[in-house]
Amino acid sequence: LIADPDWRPDIATMKKSHLDLSADVFRFLSYDRNNITTRRMDWLLKHKAGLKMRYHLHEVLDIGYYTVKNIPWVVHEIEKAGSWHATVGHGHSMSVKRYEFDLTLLQKDLVVYGHDPHTHYYLGITHHAWAEGVIQTLQTQQSTQIPPEVTTNVNEAIRYLSLRALATYEEEFVEERWSVMYMLGIIYATFPGKVDNTLAVYWLGMCRDYNKQQSECSLALVRIYLSLGEVEMAWKECESILKTQQKDREMLNHFKLTQCDVPAVVVDVIQTRAKLDPSTVTFTDIKWVLLLLHMTRQQVCASSAPIKIQPEFYVLMDKLNTEEASRKGERKPDLQKISQSTLCEDANLRMYLVARKYLLHPCADFSNALMYSNTCEVFRNDMPPAYEELHATSFAKTFVGAVMVADIVHHVFAGDAQQIFSATDKYKVLFAEYFQPTMVLSLIGSMERLGYKNLQVTVVTPDNALIDQIKSQLQLCHGIMNIQSDVNIIYINSPLEDFIEVNTKLFDLIEYNGGLSISGESNSHLIGLRKILRGSGVLCI
């Protein structure tokens with residue numbers, strides 16, 4: 001264990017039984033001292049001979065590729081009195097003097113490692129941290145003059161961050177590339193003397209598109225659009241966040257983001273839209289706002305700035321509440337006292353969220369309905385036709401294949417469904433490495449909707465994570481849709497060529513769509529696949 005003296009371990013989370021021989025690294029969670037972010041730490045390792053560190057600063061173990069097991073261990077980072085930074089005169093770990101010291105070490109790394117992503121990343125963020133620290137000191141002194149050295153350092157930050165965002169490296173850590181795009185957007189949005197909304201939108205848009213499952217960049221774009229009076233652009237960005245299943249970053253996570261920050265910004269945008277045009281807000285919108293307000297009142301959000309509800313929004317709320325009560329012939333409820341549980345049980349509000357595919361809400365018992373509407377939607381719908389040129393332009397080169405039962409019956413067997421729906425023999429399907437997981441789910445869903453039980457699916461891929469994804473999604477969606485599946489699924493964690501070499505079974509349908517475009521071994525694959533296809537079988541390419 002590589003331990004930090006500023007850590008306070010949460011002993012209740014730590015058990016030796018979590019450690020085994022299944023991985024090289026055991027990843028645990030650390031809460032940062034800022035009470036805003038968490039990070040995953042790869043600092044607990046299975047012993048190997050000859051371990052060594054790289055870099056003078058922000059050292060990493062030079063162990064090459066390693067396997068990871070996530071464990072529930074938790075530590076909390078605290079600023080301890082008498083720490084090394086205080087001893088050597090830095091004051092504390094986030095002081096300007098500390099950053100000056102760090103920059104001297106990073107310059108040494110630049111000499112040793114040259115064009116290196118790790119060094120460029122930390123040079124960028126450290127130059128920015130130094131400049132930001134000086135600005136904060138000046139602001140406490142109520143000084144508005146920006147010293148030349150601040151401009152120099154923020155320009156150096158922009159130089160290294162831009163290089164890290166756009167350059168090509170022999171090694172890559174995508175989390176860092178995403179992060180520098182975000183930082184560049186924030187610098188151009190907020191840093192004194194550098195504010196440029198066009199560049200801020202440019203970098204934040206690039207960051208959002210790089211990974212749409214991390215909402216920090218979209219959230220920053222919403223705030224910029226609001227500041228520019230572009231309310232509908234802000235709302236469009238909000239809707240993108242609301243409909244996207246968020247995913248934790250590998251390195252650093254703002255753990256209050258989904259619970260606190262996103263609901264607060266959404267409420268702000270809805271209030272702004274209502275002020276400009278009250279007709280855009282319905283009574284169900286009001287109830288959703290109340291539900292979001294409940295989210296921001298959780299204990300985890302206690303340190304966040306409280307949401308300000310504008311007086312005119314209260315007026316609109318009362319007006320719509322009165323109209324709804326009159327329409328129903330009921331007594332008008334006090335909306336400001338309505339509980340979270342009452343809102344979560346509201347049928348109209350649940351239908352509203354499902355129809356819009358909004359995933360942001362605090363109702364734990366409602367999650368299945370939303371996951372059904374989004375994650376499991378593929379079970380209800382057949383895939384698009386197998387038209388590769390259309391896929392290349394419409395689906396960002398994601399080849400979705402031809403596993404459409406109705407099309408196979410029509411085009412291959414001239415409408416004779418008995419060629420597939422035999423009463424006795426299993427219909428054997430092979431997904432041969434180059435496929436999307438939605439293809440597997442769509443085929444199983446279509447067969448189950450037709451009531452066909454004799455389906456056997458074999459999935460061959462060297463990607464074990466893809467197998468786990470298919471397994472978990474099938475389990476989730478079968479539970480949600482209450483399907484008692486009889487489909488027999490065989491998972492083979494192997495490259496396709498190895499499977500072809502040892503396989504002795506024959507298949508009725510082989511899905512290889514995308515292989516021609518992606519695989520460098522498509523000729524030999526096709527020869528091998530033809531040998532394991534039944535005489536009347538179908539090979540989709």
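How many disulfides does a search of the whole structure find? I count a disulfide when two cysteine sulfur atoms lie within 2.5 Å. The search finds three.

I note that this is a predicted model, where local features need pLDDT of at least 70, side-chain atom pairs count only at pLDDT 80 or more, and totals for chains, interfaces and linings use all residues. Residues are numbered from 1 along each chain as its sequence is written, and side-chain values use heavy atoms, without hydrogens and water.

**Entry: Cys207 and Cys217**
I looked up this disulfide and found the sulfur atoms 1.7 Å apart. Cys207 sits in helix α6 (residues 197-210) and Cys217 in helix α7 (residues 216-227). Helices here are DSSP runs of H or I with at least four residues, numbered from the N terminus.

**Entry: Cys260 and Cys301**
I found these two joined, S to S 2.0 Å. The S-S torsion is about -85°, so this disulfide is left-handed. Cys260 lies in helix α9 and Cys301 in the loop between α10 and α11, so the pair ties together parts 41 residues apart in sequence. Both cysteines are buried, meaning under 20% relative accessible area with a 1.4 Å probe, protein chains only.

**Entry: Cys344 and Cys363**
I read 1.9 Å from S to S here. The torsion is about -80°, so this disulfide is left-handed. Both Cys344 and Cys363 are buried.

**Entry: Asp116**
I placed Asp116 in the loop between α2 (96-113) and α3 (117-140).

How values were computed. Helix = DSSP H or I, 4+ residues; strand = E, 2+ residues; numbered from the N terminus. Buried < 20%, exposed > 50% of the residue type's maximum accessible area, 1.4 Å probe, protein only.
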